[in-house]
Every structure is written in C-alpha cells, then in structure tokens.
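Below is a short note for a colleague who has not seen this structure before. Please read it with the model open.

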Amino acid sequence: MARKKIALIGAGNIGGTLAHLAALKGLGDIVLFDVVEGVPQGKALDLSQCGPVEGFDANIKGSNDYADIAGADVIIVTAGVARKPGMSRDDLLGINLKVMKAVGEGIAANAPDAFVICITNPLDAMVWALREFSGLPHNKVVGMAGVLDSARFSHFLAEEFGVSVKDVNTFVLGGHGDTMVPVLEYSTVSGIPVADLIDMGFSTKEKVDEIIKRTRGGGGEIVALLKTGSAYYAPATSGIAMAEAYLYDQKRILPAAAHLTGQYGIDDLYVGVPVVIGAGGVEKVVEVKLSDEAKGNLQVSVDAVKELLVACKGIDGSLN
Ligand SMILES: NC(=O)c1ccc[n+]([C@@H]2O[C@H](COP(=O)([O-])OP(=O)(O)OC[C@H]3O[C@@H](n4cnc5c(N)ncnc54)[C@H](O)[C@@H]3O)[C@@H](O)[C@H]2O)c1
Ligand SMILES: O=C(O)C[C@H](O)C(=O)O
C-alpha cells in the first residue's frame with residue numbers, strides 16, 4: 001500500500017510540531033508548505049535528520065509551491081498569524097481571512113480530495129471561510145479546537161482530583177473563544193460524573209467553577225506567558241489525533257468545529273460539537289441533550305461566531 005501523504009500548510013510553531021509528530025507516528029510522507037522561502041525547506045531538512053535516530057522513513061519536503069500538496073490525504077492548516085499578549089483571537093480575523101482565501105484556492109486547485117483540518121484562528125470563522133473558499137464538501141473540512149480545549153479541561157481536573165489524566169473525559173463545545181462551553185454533565189473520571197466526585201469530596205463546586213474559567217482562558221494564559229505567540233505542542237497533538245481518526249477510520253467521537261445543518265438549532269455555521277470522525281471525514285454530528293444552562297451558554301457562543309461571519313462577509317464580498 002502506498003504511503004499516505006500529509007500536507008501541512010503553515011510551517012510555523014504548530015506546523016513544525018505537526019510534522020515532527022506525524023513523522024514520529026509514521027503517518028506518511030509529509031509536505032511542509034509556507035509562503036516564507038527557506039523556512040519549510042529548513043524545517044524539512046532538520047526533521048528528516050531525525051529519521052536515522054528515530055528510525056522513521058518518512059519523506060519530508062519543504063515547499064513554497066502548492067503543486068507539492070497534490071494527492072494529499074490529509075491537510076492541516078495553520079497558516080496565518082498568532083496572537084500576542086493584549087490581543088484576542090478575533091483581532092486576527094482580517095489578516096487570517098486573506099490567508100484562508102489563498103489556502104482555500106491552493107487546496108481546491110491541488111488536493112480537492114483531502115480531509116482538511118483547520119487550526120488557524122479565529123477558528124470557527126476561519127474554518128467556515130476556508131470551506132467557502134475551497135468549495136470542498138462540508139464533511140471534509142473541519143476545525144480543531146474542542147480536542148485542545150477538552151484536553152486543557154481534563155488536565156486541570158486531573159490535577160485537582162489527584163487522578164490519572166488517562167481516566168478523565170471531558171467535552172468543551174461551542175466557539176473557540178472566551179465563550180466556549182465546558183460541559184460538566186458530560187465530564188467524567190472513569191465514567192463517574194464530576195458532580196459525584198465533588199459529592200465524594202474530591203473537590204468543591206467553587207474549585208471546579210474556577211477550572212471552567214481557567215479552561216475558557218486557557219489559550220490566553222499561555223499567550224501571556226510566552227509573550228511572542230501562542231500554544232503549539234498541545235494544539236499540534238490535538239490536530240494529529242483528528243488526522244489519525246480519519247486516516248485509520250477510527251470513528252472517534254471528538255469535539256470539533258463542524259458544519260451544522262440544524263443540529264443544536266444551529267444552521268449553516270461551523271461551531272464546536274461532538275462528531276464522529278472516520279474514513280468518511282465528519283461522518284456524523286452527535287446531538288447530545290444539554291441542560292438549559294449549557295444550551296444558554298452555547299447560544300451565547302454561537303452568537304459570537306455569527307458576529308465574526310458578518311465581519312468576514314464585510315471584508316470579502318465573495319463570501320456573501
Ligand atoms: N484552533 C486552535 O485551537 C489553535 C491553537 C493554537 C494556535 N492556533 C492558531 O494557529 C495559527 C498558527 O499558529 P502558530 O503558532 O503555528 O503560528 P506561527 O506564526 O508560528 O506560524 C504560522 C505560519 O503561517 C505562515 N503563513 C502566513 N501566511 C501564509 C500563507 N498565506 N500561506 C502559507 N503560510 C502562511 C507563516 O509564515 C508562519 O510560518 C494561528 O492563527 C493561531 O492563532 C489555533
Ligand atoms: O489562544 C490562542 O490565541 C491560541 C489558541 O487558540 C489556543 O487556545 O491556545
């Protein structure tokens with residue numbers, strides 16, 4: 001069987017980390033694409049020289065030419081700009097929208113059969129715009145944020161409860177902004193609901209509420225510490241988990257920004273919900289029952305995403 005091909009659009013902090021992980025995990029051959037000349041080529045050469053030590057055979061190529069992504073099975077998009085302290089993700093909209101246009105056109109012309117995972121911020125608006133610009137089927141274009149936000153929530157809960165993070169399962173829904181919705185009723189440790197663990201004295205409601213707040217601000221906390229950019233190790237790991245679900249037809253249920261057509265009362269919008277990812281791309285949107293409080297919070301988050309789409313349409317008339 002021919003090796004799979006993974007194309008990474010954007011060879012910055014996340015792009016380079018994605019390439020490293022994809023090579024270590026043997027996902028296939030890798031193309032690192034960027035508009036900056038030299039950077040993808042330099043990173044590809046450096047990464048290729050891990051091969052003899054790690055024992056991987058992946059062909060890793062750096063490129064400034066979209067023709068090199070032809071035949072890609074999976075494309076992960078991180079092209080664009082990351083925020084710095086004092087900025088919100090939404091401040092990136094104008095500049096990254098233009099990047100999504102170029103990337104969408106490049107994908108449409110060279111790799112229209114790929115499964116495309118968008119990571120660029122502001123995530124929910126950028127994945128929507130990327131889908132519009134590329135014209136790919138909605139089930140083949142998805143946004144990564146929920147896996148990362150849920151990983152943050154799980155990490156904080158495991159630390160607070162003093163249990164292995166392997167047993168913690170959480171869901172964060174909604175847009176990837178400060179209005180995201182960590183859903184407590186679907187958060188468990190080995191199947192035990194968080195509320196029961198609070199009753200058993202593992203923590204208090206106040207502390208768990210603080211963790212929810214910290215999860216919502218999880219990206220900003222790292223931006224404030226790094227000062228020059230944003231998180232990249234956990235975002236790359238999260239993107240790779242989604243790529244593996246597609247490449248290995250795992251049918252995983254993962255929170256991801258997917259195109260909704262009425263589910264959760266939301267139409268023609270990309271927003272974070274649980275989805276099944278397998279060889280068919282986004283194979284199903286999983287519509288879980290939500291409490292009235294979670295529904296209200298999701299609506300606030302959806303309204304924030306809608307505002308960003310209005311802004312996108314204002315900037316680029318072709319999106320109307
Ligand atoms: N969805 C999430 O959960 C999540 C998490 C972390 C970061 N992000 C976002 O991911 C994006 C990338 O983050 P990063 O840390 O890798 O940033 P980075 O600045 O390190 O890398 C971005 C790369 O994109 C390249 N680029 C710019 N315009 C391009 C174009 N038109 N075509 C191809 N490449 C282009 C740049 O040259 C740069 O190498 C940012 O928008 C960031 O906000 C999202
Ligand atoms: O916070 C950011 O700007 C990057 C990313 O969205 C994150 O959540 O880490």
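Predicted model: local features only at pLDDT ≥ 70, side-chain atom pairs only at ≥ 80, totals over all residues.

1. Residues are numbered from 1 along each chain as its sequence is written, chains are lettered from A and ligands numbered from 1 in the order in which they are written, and side-chain values use heavy atoms, with hydrogens and water left out.

2. Ligand 1 has 28 residues around it (a heavy atom within 4 Å). Asn13, Asp34, Val81, Ile119 and Met144 come nearest.

3. Polar contacts are pairs of N or O atoms within 3.5 Å. A backbone N or O atom of Ile14 is 2.9 Å from an oxygen atom of ligand 1, and one of Ile119 is 2.9 Å from a nitrogen atom of the ligand. From the side chain of Asn121, an N or O atom lies 2.9 Å from a ligand oxygen atom. The protein buries 87% of the 870 Å² that ligand 1 exposes when taken alone (Shrake-Rupley method, 1.4 Å probe).

4. The shell around ligand 1 divides into 17 nonpolar residues, 10 polar and one charged, with Gly counted as polar.

5. The structure also holds one cavity of 30 Å³ or more, a cavity being a set of points on a 1 Å grid where a 1.4 Å probe fits but cannot get out. The largest cavity has about 40 Å³ of space. Its lining residues (an atom within 4 Å of a point) include Asp149, His176 and Met180. The lining divides into four nonpolar, five polar and one charged.

Definitions and conventions
1 Å grid on protein atoms, 1.4 Å probe; cavity = no way out; pocket = protein on both sides within 12 Å on 5 of 7 lines; lining within 4 Å. Points joined across faces, edges and corners; volume = space filled by probe spheres on them. Polar contact = N/O pair within 3.5 Å; in protein donor to acceptor, adjacent residues only side chain to side chain.
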